[in-house]
Amino acid sequence: QIRGTGSQIILNNAYHLFLRPGGDRIERLGGTHRLMRWNGPILTDSGGYQAYSMSDTAVLSEEGVTFRSFIDGSKVHLGPESSMRVQNQIGADINNTLLYVYRDLSDEELEEFATFAESTEGKAYYQAALAAIRAGKDLALANKETLIAAGPVVLPELEKSGSRLLPADSEHSAIFQCLQGTPWVDTARLSTGFAPPGLRRILLTASGGAFRDWDPADLAKATVADATSHPNWSMGRKITVDSASLMNKGLEVIEAHYLFGLDYNEIEIVIHPQSIIHSLVELADSSVLAQLGWPDMKLPLLYCLSWPERLETPWRRLDLTEVASLTFSKPNPAKYPCMELAYAAGRAAGTMPAVLNAANEQAVAMFLEERIHFLDIPKLIERTCARHQQELRAEPSLEEVLAVDAWARRVTAEAL
């Protein structure tokens with residue numbers, strides 16, 4: 001059962017607790033989490049949202065655990081009983097825990113204002129997303145897989161419930177922000193299968209990843225250490241490899257197609273080394289709008305929770321004179337074959353994007369284990385997608401999506 005903001009879910013492998021000062025229920029979401037009750041005033045609130053993450057230096061102890069806000073640096077403390085409950089829920093590794101705290105609203109306002117942020121791995125993320133959607137909740141979408149693999153399942157559920165999707169990915173958040181002020185924004189839902197009025201083209205910016213300045217011929221010498229050294233962003237190893245291959249941007253093209261309804265021919269990738277412009281939109285009158293900011297995920301996450309409001313933050317402000325120059329180029333298909341594989345899978349539709357995503361995850365895992373070379377990643381993905389062509393399901397069920405996901409991982413692993 002999903003009620004108000006009392007739900008515990010996962011965002012980028014970090015648990016997010018949506019609480020009201022004074023305590024609120026944390027209830028089962030999508031069959032994933034246990035029912036908990038917080039008693040007493042655990043967290044204080046300065047009015048509006050707060051997002052607390054565990055201090056880099058803090059550890060669980062007899063005195064409890066301390067969390068630090070990434071919005072204003074303030075700290076809150078959970079006592080021994082409460083902190084042990086957190087530990088019991090999420091295991092020994094609590095270092096990535098984030099707490100989002102709502103202002104003290106009435107129960108009715110909480111129900112109306114509830115937004116679920118969602119980004120976990122495996123079967124649970126589909127169940128969590130569908131549970132929130134079927135309950136009529138707005139969903140702050142932080143993982144790509146929900147739409148990439150299960151778009152044909154998620155879109156009909158959104159149509160039934162009327163729930164809104166709010167993108168937390170930096171590029172899709174940038175597009176969403178650029179579309180504010182259009183006639184469509186007051187009824188924004190996303191993932192309706194129809195493009196917002198006036199939207200002509202989407203330009204997704206990409207840093208170019210670790211091999212941006214490499215000659216394609218030199219990729220034969222690429223190592224795991226090379227592929228996991230991102231020039232701009234601090235991310236996990238898997239997503240950093242995806243950035244190096246540009247598969248992450250290819251997956252974002254598929255996500256943008258499902259979110260904003262544009263044809264794949266109208267969604268383009270542009271290499272932008274500075275990572276200051278996070279994406280652009282072209283409108284029907286030829287006007288091009290861009291969203292700019294330092295490369296930091298805090299703003300996209302916060303905007304998901306505050307939309308349609310803008311909250312005051314003390315974060316570092318963009319100084320264009322410090323940036324000095326913004327440059328752009330077309331991605332080289334010879335260097336980034338995964339990009340074309342993603343476009344092909346998106347156009348094939350149905351279960352093919354799920355196969356693409358699963359094959360990529362398996363291939364990248366094998367690369368990180370040094371069982372294959374970097375250049376083998378697109379070869380394995382292409383082989384798996386080709387084998388699936390005759391078995392493609394145009395309108396799959398969730399069970400079929402999960403089945404082809406497992407099949408693609410197994411086939412890709414066996415190809416070695």
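Predicted model: local features only at pLDDT ≥ 70, side-chain atom pairs only at ≥ 80, totals over all residues.
A residue is called buried when its relative accessible area is under 20%, exposed when that area is over 50%, and partly exposed in between.

**Exercise 1. Classify Arg164 and describe its surroundings.**

Solution. 
- Step 1: Locate the residue. Arg164 sits in the loop that runs from helix 4 (145–161) to strand 11 (165–167).
- Step 2: Look up its relative accessible area, which is 24%.
- Step 3: Compare with the cut-offs. Arg164 is partly exposed, because 24% falls between the limits of 20% and 50%.
- Step 4: List the neighbours. Leaving aside residues up to four places away in sequence, Arg164 touches Lys137, Asp138, Leu139, Asp186, Thr187, Ala188, Arg189 and Trp307.
- Step 5: Take one neighbour and compare sequence with space. Ala188 is 24 residues from Arg164 along the chain, while their C-alpha atoms are 7.0 Å apart.

**Exercise 2. Follow the salt bridges of Arg201: which residues are its partners?**

Solution. 
- Step 1: Start with the total. The whole structure holds 15 salt bridges.
- Step 2: Find one partner. Arg201 pairs with Glu268, and their closest N and O atoms are 3.3 Å apart.
- Step 3: Arg201 belongs to strand 12 (residues 199–206) and Glu268 to strand 13 (residues 267–271), so the bridge links distant parts of the chain, 67 residues apart.
- Step 4: Find another partner. Arg201 also forms a salt bridge with Glu282, at 2.6 Å from N to O.
- Step 5: Glu282 lies in strand 14 (residues 277–283), 81 residues from Arg201 in strand 12.
- Step 6: Compare the two glutamates. Glu268 is partly exposed at a relative accessible area of 30%, whereas Glu282 counts as buried at 10%.

**Exercise 3. Study the salt bridge between Asp405 and Arg409: where do the two residues lie?**

Solution. 
- Step 1: Read the distance. Their side chains meet at 2.6 Å, N to O.
- Step 2: Locate them. Both residues are in helix 14 (residues 398–414), four residues apart, or about one turn of the helix.
- Step 3: Recall a rule. An α-helix has 3.6 residues a turn, so residues three or four places apart point the same way.
- Step 4: Asp405 is buried with a relative accessible area of 11%, but Arg409 is partly exposed with 23%.
- Step 5: Shared partners join Arg200, Arg201, Glu268 and Glu282 into one network of salt bridges.

**Exercise 4. Describe how helix 12 and helix 14 pack: at what angle do their axes cross?**

Solution. 
- Step 1: Recall what is needed. Two packed helices are described by the angle between their axes and the distance between the axes.
- Step 2: The axes of helix 12 (residues 352–368) and helix 14 come within 8 Å and cross at roughly 35°.
- Step 3: Name some contact residues. Among them are Ala354, Ala358 and Met366 of helix 12, and Val401, Trp407 and Ala408 of helix 14.
- Step 4: Sort the contact by type. It is made up of 11 nonpolar, two polar and three charged residues.

**Exercise 5. Decide how many residues of helix 5 are buried, and what covers them.**

Solution. 
- Step 1: Count. In helix 5 (residues 170–178), nine of nine residues are buried.
- Step 2: Name a few. The buried residues include His172, Ile175 and Phe176.
- Step 3: Identify the cover. It includes strand 11, strand 12, helix 8 (247–260), strand 14, strand 15 (288–292) and helix 9 (298–306).

Technical notes:
Residues numbered from 1 in each chain as written. Heavy atoms only, no water. Salt bridge = Lys/Arg side-chain N within 4 Å of Asp/Glu carboxyl O. Buried < 20%, exposed > 50% of the residue type's maximum accessible area, 1.4 Å probe, protein only. Axes fitted to C-alpha atoms, helices over the stretch in contact; angles between N-to-C directions. Contact = heavy atoms within 4.5 Å. Nonpolar A, V, L, I, M, F, W, Y, C, P; charged D, E, K, R; others polar.
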